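User: I'm new to reading protein models. Please take a close look at a single part of this one and walk me through it in a connected way.

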Amino acid sequence: MRTQKQGETSKQPILVIGLGAGFLVSIALIWLAAGEVLPTVAFSAGLAMLLLGGFVHSRMRSAPSSDGFVLPDWSVTVAAIEQPGVCIAITDRANRLACANELYTDWFGARHAPPSLPLDQVSLEQLAKLAREAWRDGTGSFPRLVSEDGANEWSAKVERAGRGDDYLVWRFELLRAEDMSAMMTDRVTGALGILLSRAGIEAAVVSADGAIKAASRGFADRASGDPAATLAGQDFVGQLRGDERGRIYFARDGRSGNPQTLVQVPLNDATSPTTKAADQGPSLMLLIDAGAGIGGAAETSGQAETPQLEALLSALPLGLAMTDRDGRFLFGNDAFLRAIGQEKQGLPQFPSDLVVREDKAALADTVRRMGRGPTSSVDLAVRLRGQPDEPISLGLAGVRGLGDAAVLLSLNDSTEETRLKRQVAQATKMQAVGQLAGGVAHDFNNVLTAIIGYCDLMLLRHTPGDSDYDDIQQIRANSNRAASLTRQLLAFSRQQTLRPEILQVPDVISEVSQLLKRLMGEKVSFTVRHDRDLGPVRADPQQLEQVIVNLAVNARDAIHSKGDGTGKLNLSTRRVSAADIRKSGSDIIPVADYTVLVVQDSGGGIPPEMLGKIFEPFFTTKDQGKGTGLGLSTVYGIVKQSGGFIFAENIDGAKGKPEGARFIVYLPVYQGEMPAQASKVDAPAEASKWSAGGRILLVEDEDMVRAVAERALTRAGYEVTCAADGDEGLSQIATGGVFDLVVSDVVMPGMDGPAMAREIRKVNSIQPILFMSGYAEEQLRRDIDIANFGFIAKPFSVDQISKKVGEVLQQARINA
């Protein structure tokens with residue numbers, strides 16, 4: 001590059017002389033043609049500017065940058081960062097993606113640039129922190145990032161680069177649940193390799209391109225004559241020789257040595273999104289000496305090799321099994337039995353007995369083909385009978401020279417992973433259904449508010465005995481019934497209004513005991529038992545009563561469904577300490593002290609396939625018309641909104657069949673200060689005496705709700721000004737409107753209620769505000785930072801909103 005610059009510099013005088021000569025000749029020709037001075041001068045100036053601009057442009061194109069480097073060519077950079085297994089991206093100071101290799105676009109997509117990648121919230125925060133560290137310190141790393149769906153994990157490294165340190169170079173590597181290749185590398189070079197060598201089995205871990213990654217000391221001795229020799233990087237096939245009969249020998253021994261039986265065990269991770277075929281990933285290569293039996297005894301029969309191989313497979317952490325040429329199982333290690341869920345039952349006769357009916361033919365045909373054809377390997381997606389909804393990858397490889405063994409089957413033990421996937425899927429589904437139920441209930445509450453309000457207004461014009469009075473009462477009663485259903489939906493979605501108190505669970509059970517005895521009837525034995533030293537809990541007593549009643553009624557129905565209707569219902573409370581939770585090793589319940597409510601019945605239990613669905617709304621096992629399917633979903637929502645946990649399980653009987661069900665509710669013990677005794681003065685009762693009237697600003701986007709509320713407040717003697725949204729309400733204040741109270745909906749298009757209230761409080765810091773909403777009051781107070789506001793839950797009646805407005809105005813007068 002320096003030589004090129006000197007050559008260009010040497011040509012500059014010649015270029016300048018040529019341009020000058022051309023310029024003078026052009027002026028002379030124009031003078032001769034025009035014969036006047038002015039056109040010649042104008043033409044000369046334009047030509048000079050044109051030549052000067054072209055010269056400067058050519059110099060800028062050919063000139064290097066100030067530090068002697070040409071401008072970057074990103075195509076060259078992309079070609080340089082293409083590395084197998086590592087995804088690389090380069091970003092500038094504005095966090096824009098400058099370039100990335102192909103693996104990066106496969107994993108994250110070209111639309112995402114670090115640190116804004118499709119990761120979970122914790123990983124996004126760590127990645128942003130990592131970027132700040134790299135800009136400040138020059139480098140940074142983080143060991144574990146998790147994708148949004150939790151399916152994949154990566155490690156990340158970043159370093160600052162560029163002539164002006166204007167770029168960040170990101171490197172991401174995929175983490176696997178269990179890297180078999182790395183694990184087997186450590187074991188083969190350690191004690192396991194020595195153990196195998198004593199049994200006449202030499203082992204090596206070989207990469208996809210055939211290079212040795214690691215080898216046992218026995219393999220190194222047989223291949224090179226030096227047990228301490230390092231064979232890493234050498235060609236695996238180069239250490240072996242074959243004859244015309246297909247027998248394999250160590251190259252160093254030649255045909256004078258014992259023939260070897262080669263067994264290939266693929267080390268692919270079938271759970272990884274980058275899983276490749278068995279012959280495209282690392283493998284564990286086992287060379288079994290065909291001329292030596294266990295302990296070194298001479299043995300030429302292939303029958304002696306099978307026990308030797310079984311001992312080897314039992315020591316490996318992979319799920320491995322063997323079949324004969326007819327496809328019958330010969331052996332399966334403990335890891336294989338765990339993976340297929342057959343630890344107690346043992347292996348069936350054929351592999352096809354493990355899978356669902358639709359996969360039997362394909363698996364049986366593959367096993368026969370592997371057992372009788374040339375040696376090869378394949379991965380087959382099948383569904384186990386015990387897990388019909390979750391396909392797994394079953395590896396099959398044909399083997400020869402091992403007596404009866406003809407096919408090697410491999411399967412990863414994914415029991416724990418499957419359990420976690422089910423828990424995540426169930427939690428995600430419950431959250432999605434809860435959001436849907438909450439949204440539907442909120443919108444329906446607006447409709448019910450209008451129906452109930454208009455019924456109240458009509459009842460004011462009709463007296464008992466009127467022909468329409470009973471019809472209006474029926475409409476109102478059914479509307480209240482519908483409102484009860486929406487409250488149950490809001491309870492499930494954890495969006496209902498709770499009035500939590502510090503209480504003892506036995507006190508709540510005592511309040512509802514008489515009701516429960518009447519509900520159970522004479523045929524159901526009802527008993528209650530309490531533990532000692534129970535801690536107080538913070539919950540809504542009415543909602544906790546609802547939990548107990550719903551669970552008891554559900555147990556009664558289960559008992560009656562057995563036939564004669566006789567059975568037992570036991571309610572008990574227990575004290576569970578933080579040490580007990582820690583000892584149980586639960587991944588769901590945080591370590592803390594809990595008061596536990598247990599509801600146990602003898603109703604025959606819950607079908608196992610329904611255990612994961614019983615808390616879903618509208619799911620019921622009762623006959624049509626006998627249940628809404630909201631009982632247990634309401635219990636679930638109340639418990640979760642109270643900060644607790646609920647679990648359902650079957651009680652196994654003597655013959656292994658369920659003889660009942662048990663619901664366990666964990667409520668965290670309240671650790672704060674106990675509240676002071678409530679004042680004997682009933683503030684709401686005093687507030688209800690308000691009769692001074694006042695000016696009300698009513699802000700509601702639903703026309704029907706706004707009309708009902710306006711008529712109710714006007715009838716109560718208030719002067720009401722209406723607004724259809726937050727912007728219109730704020731404009732009423734901005735134009736000089738003075739109001740004694742602002743009554744506003746919470747969720748509105750444009751400016752919502754809390755945003756409008758904050759702007760109003762900037763003008764008048766003591767302006768009384770009353771929010772009306774179908775969502776939970778506790779959630780509203782937690783989400784907004786507005787002090788001293790009232791709340792009324794939808795749906796409300798004409799009388800309820802009138803009284804609530806009076807309470808808020810009376811309280812505002814007392815505070816003033």
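Analyst: C455 counts as buried because its relative accessibility is 4%; buried means under 20% relative accessible area, exposed over 50% and partly exposed in between, using a 1.4 Å probe and protein chains only. C99, at 6%, counts as buried too. The disulfide count comes to 0, where a disulfide is a pair of cysteine sulfur atoms within 2.5 Å.

A word on the ground rules: this is a predicted model, in which local features need pLDDT of at least 70 and side-chain atom pairs count only at pLDDT 80 or more, while totals for chains, interfaces and linings use all residues. Residues are numbered from 1 along each chain as its sequence is written, and side-chain values use heavy atoms, leaving out hydrogens and water.

Now let's settle on strand β27, residues 769-773. Strands (E, at least two residues) and helices (H or I, at least four) are DSSP runs numbered from the N terminus. In β27, 5 of 5 residues are buried. I769, F771 and S773 point one way, whereas L770 and M772 point the other way.

β27 pairs with β26 (residues 741-745) in the parallel sense over 4 bridges; pairing takes at least two DSSP bridges between two strands. Here S744 stands opposite F771. Between β26 and β27 the chain passes through helix α21 (residues 753-763), making a right-handed β-α-β crossover: with the strands pointing away from you, the path from the first strand over the helix to the second runs clockwise.

β27 also pairs with β28 (residues 790-793), again parallel and over 4 bridges, and there G790 is the bridge partner of L770.
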